[in-house]
Amino acid sequence: MSKKRRFNTSLGDQFLRLVTFLMAFSVLVLMAWMGWQMFDAARPSIHTFGFSFITSRVWDPVKEQFGALPFIYGTLMTSLLALLLAAPIGLGVAIFLNEMAESKFRAVIGFLVEMLAAIPSVVYGLWGIFVLAPWLRETVEPGLAKWLGFIPLFQGTPVGFGMLAGGLILAMMILPTIAAISREVMASVPNMQREAALALGATKWEMIKVAVLPYAKTGIMGGIMLGLGRALGETMAVTMVIGNRPDILPSLFAPAYSMAAVIANEFTEATYDLYLSALVEIGFILFGITLVLNFLARLLVWSVARGPKGGNLV
Amino acid sequence: MSIKKWRSMVWMAVLVLTILLTGCGGENQEPTGQEKSDSANLTGSGSSFVYPLLNQQIEEYRKNNPKISINYQSTGSGAGIKQVSEQTIDFGATDGPMTDEQLKSAKGGNLLHIPLTLGAVAVTYNLPSTPKDLKISPGVLTDIFLGKITNWNDKRIADENPGVALPDLQITVAHRSDGSGTTYIFSDYLSTISPEWREKVGKGTSLNWPAGIGGKGNSGVAGVIQQTSGSIGYLELAYAVQNNLSYAMMKNKEGKWTAPSLQTTSAAAAAATIPEDMRVSIVNAPGAEAYPIAGFAWALIYQNQTDKAKGTALVNFINWAIHDGQALSEGLHYAKLPANLVSREEGMLKTITFQGEPLLK
Amino acid sequence: MKDYIRKYKNWLMLSIFVAATVIALVPLFGVLGYVLKNGLGALNMQFFTNLPKAMGLSGGGMANAIVGTLIMVLIASLIGIPVGILAGIYLTEYDRHSWFSTAVRFATDVLTGIPSIIVGIVIYTAVVLKMGNFSALAGGLALAIIMIPLIIRSTEEMLKLVSHSIREAGYALGISKGKTILKIVLPTAAKGIITGAMLAIARVSGETAPLLFTALGNQYWARSLNEPIASLPVQIFQYATSPYKEWHQLAWAGSLVLILLIIIINLAARFAFRSRHS
C-alpha cells in the first residue's frame, strides 16, 4: 500500500493496466509457444504423412503407418456424449443449489459436488474398470439394446469397456466444473429480478426461466466450454474404460479410442522418432480441434447471447 | 481483497514454501556440502517391469552403502531409452533392447545393455468353470489373437484339452493398450512362431491389434480379464501369480508343455545363445524345460562415464545387483539370471571407464 | 395457461432439478466409498511420516510424496494464480471486446484442451533438456501451465458477473479505476474466483502425466527445488502398475490421502476467506 501511495493514482492505474495486459498477452505467447513446440516436434510426421494423417484409419506402430481418424472420432464422440449428459445435470444441480435448497443444505451439497473434481483421474479409471464397466455390461447395455436396439448406436455385444463407458466417466469428471460455474453465475443474478418475477405471480420454475436463466446464459456457456476443454484433454480415466481400439464403429457399446489416451498410452514406450512425432502430431491436431470447437462455440454464444447478457444488466 | 491482503497472502505462500524446503533439507542425512568420492546420488528411470526388484535391491544395497542414493523411477522403457540417450538420467532400464539406430543417436557414446533380470509372460484367461492349466498350442494362440478363433468351444482348443469341458462362449481378447515390454515379448513370440503374425502384425511395444480390447497397464488388462467371462489376455507372470489368475500351459520349441514359472524362465535364458552385446530375444528358446514366452530386462549404462563418483557407485551397485542382489528375485517372482551369464556381465561392467580408467575393481 | 398446468409444470421441473442433484451425487459416493474401502486399511501414522519402502518391508510411507505434491502445487499456484487472475482482470475490466481480448480468450480455451502429457513433453524439451536434470521447478511449471487457462476463464466469468452499477458507484465516489477494481470489484467476485482457483488446484494435484517427464519422482527427500522430486500421483501410479497387492493397497491409501489433501486445501481456503470477509 505504502509504495502505491507514492505514485499518483493515474500512474498506479496505468501500472495495473500494464501488468494485467502483460499477463493476458503472456497467454497468447504461451499458446503460440506451445503450438510451435508441438508443430516442431510433429514435423517429421507431418512431412511423412501429410494430410492423409487425418484421413487414414490405420495406426500401426510396427509398420510405421500412422493415421489419426479413429482417435479424432473417439474424442469427439465421447466428449459430445459427456456434454449431453453433464450439461443438463450440471445445470440442474446449479438450479437446485441456488434456487431451491436451504442454505445449510446448499453449502454441504455444493461442496460435495465440487469434491467430484478432487478425485484424481486414475481413481475414476480404476472405479470405472471394477464398478462402472461390469454394471454397463450386465445391466445398462442389455437394457438399452432391448428397448432402443433398433438404433445402430445401441446395437452389438455388450462389453462394458467402450464409448459409452468413456462418455459416462467424462460426464462425471466435467460435471463439477459445469455445476460450480453455473451456480456462481446464477448466484450473481440480482435478487430484484427474482422478486419482480415472483411478484408478477410467476411460479418458481417460471421465475427461474424468465428471471435467472437468461441472465446467466453466457456464463453457463462459459462453464460448459471449460467442461468441454477438460473432456477433450482428459486422459487417464478415459483410457482405462474406453477399450482402446483404434476403429470407427457406430455402436456406443463398441470399444473406441481417444486422442489424449493414445498419447498417454504410447508416449512413454514410443521407441523411434517418427512414432514420437506422430503422437505429438495427434496432440497438435487436438490443439486444432479445440481451436475450431471454441470458434464454433463462440459463434453459438454470440448468436444465443443477443438477448440480455450476464453481467451487462445496464 | 486489498493489495495488502493479496501481498500478505503471497508472503504467506513464500514462507510456507521456505519452511517446506528447509524441512526436507533437514530430514536428509546425506552430507550436502562436502561430497566425498564415495558418496553419490544417482538417478535412473525406465522399465516399469524391473521397478519393484530394483527398488528392493536399492534399499538392500543402501544398508551397507548408506552414502549411495539411487533414485529409480518407473516411467516406461521407451522413456528410459529416450532419457538416457539425452543424458537427463544416469542410467536407464528397458525390457526391449535398443535398436542400432537408437544406439547411434545416444548423446553420451557407447551404451551397454546389462541384463538385470528375466521376465515371463503368462497367457491368462477367465472361464466360468475355471479349468486349470488349459493347454494352448502356438497355432491356436496366434489364431485367437488374430481373431480367427472366436469361441471357446472351437474344435482346435478342444483337441488339445481332452476331457476339459469348454463352454460355448465368445472369446474376448484383452491386450495392453499402453506401450509395454510385456507386449514386446508376447508379440516377439507370436512373430517367431507364426509367419502370418509377423506379416500382418509384427513385434513391438505397441501394435495394431487385429482383435480385442485394450487395458491400460497390467492392472487394466487384469481388470478386463477378471470382469469379462470368456476373456483371454497376457500378463507379466508375477502379476498373474499375485492376483490368482489362471494361466495356460504353452508348448515350447521341443514340443513339451510348460507352465510359466521362475525355473522354466531361467531355463529359457540358460539355453539361449546370447551374443556379445547381450541384445537378444529368448522367446521360443530351446531346452525341454524352457518356457517359450520370456525376455530380459536390461540396464542401459554408458561405457564412458563422465563423473567418477557416480560412475563408480553405478558399476558397483549393478555388479552387486547381478550377484548378491539376485537373491531378492524369487520373493518378488522374478527369475534369476543364469550363472554363466552373470560372469559375462561382470566382464562387461569391467569395460566401463572414467577417462580411460576402469571403474570396477 | 391454466393454473393447474403451470403448477404441475413447476412441480415437474423442480423434481427434475432434485433428481439431477441426486444423480450427480451417486458417482461421488460410489467412487469415494470405493477408495475408502480399498485404501483405509493401509493408512496409518507411518504412511504420513516415513519414506517409501521396498516391496515386502512394512512401515513404508509417502511422506516425501505428500510434501512433493504440496511443493509443486504451491509453485504452480504462485505462478498460475496471479497470472490467471491478472489476465482475467484485463479481459473484463480493461478490454472486453477488442480483437486482442477475443484472441486471448480464444488462446485460453485452446490451452485448456491440451492433454496434460503434451505440456509435460514441452517442458521436458524446453526446461529439463536445457537444465540437464529433472526438477521440482520443471514439475511446478508444467502444472502452472495447466492451471493458468482454467483460472483465467473462471476469473473472467466471475468478474463479468459483478454488476456495472457497483463499478459506477466506485467512480462516482471519485475512486480511481485501479482502486475500484482491486478494492470493490475483486472482493465482490472473490468467492467465485477462489472457487475457480480451487477447482484448478484440485485438477492439477491429481496430474500424473505431466510430472513423469518433468519432476520424474524420487524415493528420497529432494534436497533442493532443482532435483527430481516425489509426488503423490506418480507414486500412486508406480504402485498401481506393480503386480503386488500390498502396493495396490498403498496406491489406494495414496489416492485417499490425495483426495483428503485437496479437500483440506479447499476447506482451508474457504475458511480463511470467510473469516476475513464476514
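# Chains A, B and C in a predicted model

Chain A has twelve helices and two strands. The model is predicted, and every value below is computed from it. In sequence order, the elements of chain A follow the pattern α-α-α-β-β-α-α-α-α-α-α-α-α-α. The C-alpha trace of chain A spans about 65 × 60 × 35 Å along its principal axes.

## Chain A against chain B

How many residues does each chain bring to the contact between chains A and B? Chain A gives 27 residues and chain B gives 29 residues. On the side of chain A that touches chain B, the elements that give two or more residues are strand S1 (59–60), helix H6 (121–148), helix H10 (236–241) and helix H11 (259–267) of chain A. The largest share of that side, four residues, comes from H6(A). By residue type, the side of chain A that touches chain B divides into 14 nonpolar, seven polar and six charged residues.

## Chain A against chain C

Two packed helices are described by the angle between their axes and the distance between the axes.

| Helix of chain A | Helix of chain C | Angle | Axis distance |
|---|---|---|---|
| H5 (residues 103–115) | H1 (residues 3–39) | about 50 degrees | 9 Å |
| H7 (residues 163–187) | H8 (residues 177–205) | about 170 degrees | 10 Å |

Consider H5(A) and H1(C), which pack at an angle of about 50 degrees. Angles from 65 to 115 degrees count as roughly perpendicular and those under 35 as roughly parallel; H5(A) and H1(C) are therefore oblique to each other. Their crossing is left-handed. H5(A) contributes Ile109(A), Leu112(A), Val113(A) and Met115(A) to the contact, and H1(C) contributes Thr21(C), Ala24(C), Leu25(C) and Leu28(C). The residues of this contact divide into seven nonpolar, one polar and no charged.

The other pair is H7(A) with H8(C), at an angle of about 170 degrees. Why are these two helices called roughly antiparallel? An angle over 145 degrees counts as roughly antiparallel, so H7(A) is roughly antiparallel to H8(C). The contact is made by Thr177(A), Ala180(A) and Glu184(A) of H7(A) and by Gly192(C), Thr195(C) and Leu199(C) of H8(C). The residues in the contact of H7(A) with H8(C) divide into two nonpolar, three polar and one charged.

## The domains of chain C

The domain assignment of chain C gives domain 1 (3–42) and domain 2 (48–277). The C-alpha centres of these two domains of chain C lie 28 Å apart. Seven residues of domain 1 of chain C are in contact with seven residues of domain 2 of chain C. On the side of domain 1 of chain C that touches domain 2, the residues divide into four nonpolar, three polar and no charged.

## A sheet in chain B

Chain B holds an open sheet of three strands in the order S5-S10-S11, with mixed pairing. Which strands of chain B form the edges of this sheet? The edge strands are strand S5 (135–136) and strand S11 (257–258) of chain B, and each pairs on one side only. S5(B) pairs with strand S10 (residues 249–251) of chain B in the parallel sense, over two bridges. Within this sheet, Lys135(B) has Met249(B) of S10(B) as its bridge partner.

Conventions
Residues are numbered from 1 along each chain as its sequence is written. Chains are lettered from A and ligands numbered from 1 in the order in which they are written. This is a predicted model: local features need pLDDT of at least 70, side-chain atom pairs count only at pLDDT 80 or more; totals for chains, interfaces and linings use all residues. Domain bounds come from an automatic or database domain assignment. Two residues are in contact if their C-beta atoms, placed from the backbone, lie within 7 Å. Ala, Val, Leu, Ile, Met, Phe, Trp, Tyr, Cys and Pro count as nonpolar, Asp, Glu, Lys and Arg as charged, and the others, Gly among them, as polar. Axes are lines fitted to C-alpha atoms, for helices over the stretch in contact, and angles run from 0 to 180 degrees between N-to-C directions. A crossing is left-handed if the near helix is turned anticlockwise from the far one by less than a right angle, and right-handed if clockwise. Two strands pair if DSSP finds at least two bridges between them.
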